[in-house]
Every structure is written in structure tokens, then in C-alpha cells.
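Subject: Structure handover

Hello,

Please find the structure below. My notes on what was found in it follow.

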Amino acid sequence: LPIWLRDRCQSSSCYNRRTLQRVLDTVSIDLDIKPTHVRVDDGRVYLTWPDGHLTDYSLDWLMENSYEMRQKKVMHQSLWNANVYRQSKVSPVHCQRLLETDDGLRELLQNLLLYGIAFVIGVPAMEEATEHVAQRVSLIRETFYGRSWTIVHDFSREDVGFSSDALIQHTDAANMQEPFSIMVLHCMRHE
């Protein structure tokens with residue numbers, strides 16, 4: 001903790017307020033550093049370091065930047081299957097709500113973070129509409145397939161993804177340098 005407190009000092013000799021960058025060389029801080037004097041006064045904590053440097057923080061800032069407080073806010077992810085997802089009563093987000101409101105986006109992202117899957121309903125059956133939804137969630141990464149692609153039965157390809165065979169659990173594009181973080185699938189027609 002002391003090294004973290006010394007490193008985050010916002011004094012003019014440690015932090016450039018114009019560029020919002022630290023100028024203190026973190027590597028130069030002694031790993032065993034401890035303040036020589038600590039004083040709390042009027043909602044601030046003052047720390048004097050062995051070299052005489054004075055650091056001060058508001059108690060509010062320390063609480064806001066506390067890793068303990070952040071851990072309490074962390075959403076715990078759940079492993080899922082169809083039954084778990086149904087029992088969770090997580091509603092799909094309507095396309096219009098997702099595209100037009102921050103609450104819709106927030107709900108979709110919470111579902112995605114919590115369960116690893118989220119559903120959007122009411123998306124028009126057009127590739128452009130799917131891309132529009134995907135762009136609302138994140139940047140679309142160009143792949144060797146392009147920005148997006150349509151998967152249809154094509155038995156000439158030697159790839160189970162283009163067949164009518166069931167797909168077992170798998171990770172798409174695991175051999176790529178940067179595998180997909182989020183994959184958006186849009187079932188436009190099912191027979």
C-alpha cells in the first residue's frame with residue numbers, strides 16, 4: 001500500500017496537471033518505502049516520505065480509488081446453460097431500446113458480462129441491421145471473412161459451420177492472433 005500511495009501522489013513534482021500524466025518515475029520508488037509521518041486533518045490524509053516529500057489525499061479520493069471498494073462492485077459471472085439462463089429471468093433487449101437508450105445498452109452489456117450471452121429481439125432481418133446493432137455494442141473487427149458474413153448451407157465447403165450438422169461447443173477463430181471477444185449471431189431465417 002505505501003508504494004501505491006507514493007506512486008499516486010498528485011503534487012506538482014509528481015503529476016503534470018496539464019497533461020494529466022504522472023511524472024514520478026515509479027521504478028525509482030523504494031519497494032520498502034513507508035511514510036515517516038501520517039496526519040489526518042479536515043478530511044485529508046497527509047503523508048511525509050523518507051526524502052521529506054509531502055503527499056496529501058482527500059479521504060473521499062482514497063475511498064473512490066480503493067481496490068477493496070472496487071471488489072465489492074465487481075459483477076460475479078455465472079456459468080450458464082439453457083436452464084440457468086431461463087431461470088435467471090433475464091429479458092432480451094429490444095433492438096430499438098438498445099439503439100436509442102443508454103439503459104438498453106447497459107442492460108445488454110450486463111447480461112453479456114454476467115452470463116457471457118445476451119439476446120436482442122426485433123432486429124430487422126438484414127445484414128446492415130445486424131451490423132448497426134453490433135456497432136452499438138463495440139467496434140467491428142475486420143477478419144478474413146470481412147466485416148460480417150452470412151452462413152448458409154454450403155456443402156462444397158469442408159467446414160461444419162456451413163453445414164446443417166449440429167455444432168458442438170467450440171471457440172471460433174482460436175487460431176487467429178486476436179480471436180473474437182464478442183461474436184454477434186443473427187438468425188434471419190430458420191426452416
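Which residue of E5 stands opposite Leu-47? The residue is Thr-55.

First, the conventions. The model is predicted, so to speak of local features pLDDT must be at least 70, side-chain atom pairs count only at pLDDT 80 or more, and totals for chains, interfaces and linings use all residues. Residues are numbered from 1 along each chain as its sequence is written, and side-chain values use heavy atoms, with hydrogens and water left out. Helices (H or I, at least four residues) and strands (E, at least two) are DSSP runs, numbered from the N terminus.

The sheet

Three strands make an open, antiparallel sheet in the order E3-E4-E5; two strands count as paired if DSSP finds at least two bridges between them. E3 and E5 are the edge strands, each with a single partner, so one side of each has no neighbour in the sheet. On average, neighbouring strands are turned by 15° against each other, direction ignored (axes are lines fitted to C-alpha atoms, for helices over the stretch in contact, and angles run from 0 to 180 degrees between N-to-C directions).

E3 (residues 37-41) and E4 (residues 44-48) are antiparallel and joined by five bridges. Val-40 is placed opposite Val-45 of E4. The hairpin formed by E3 and E4 has two residues between the strands, and Asp-42 in the turn has a positive phi of about 55°.

E4 also pairs with E5 (residues 54-58), again antiparallel and over five bridges. Here Val-45 stands opposite Tyr-57. Five residues lie between the strands of the E4 and E5 hairpin, where Gly-52 has a positive phi near 90°.

Helix H6

H6 (residues 102-115) has 14 residues and spans 20 Å from first to last C-alpha, close to the expected 20 Å (1.5 Å times one less than the number of residues). Its buried residues are Gly-104, Leu-105, Leu-108, Asn-111 and Tyr-115. They lie on the same side of H6, because they cover an arc of only 130° around the axis, taken from the directions from the axis to the C-beta atoms. Buried means under 20% relative accessible area, exposed over 50%, and partly exposed in between (1.4 Å probe, protein chains only). The face turned away from the buried side carries the exposed residues Asp-102 and Leu-113. Gly-116 follows H6 and has a positive phi, near 80°.

Salt bridges

There are seven salt bridges in the structure, each a side-chain nitrogen of Lys or Arg within 4 Å of a carboxyl oxygen of Asp or Glu. Asp-102 is exposed at 53% relative accessibility, and Arg-136 is partly exposed at 24%.

Asp-7, Arg-8 and Arg-22 are linked in a salt-bridge network. The closest N and O atoms are 2.9 Å apart for Asp-7 and Arg-8, and 2.3 Å apart for Arg-22 and Asp-7. Asp-7 is buried at 6%, while Arg-8 is partly exposed at 21% and Arg-22 is partly exposed at 42%.

After H7

Leu-185 is in the segment after H7 (127-137) and is exposed, with a relative accessible area of 69%. Its C-alpha is 9.6 Å from that of Ala-134, 51 residues away along the chain.

Regards
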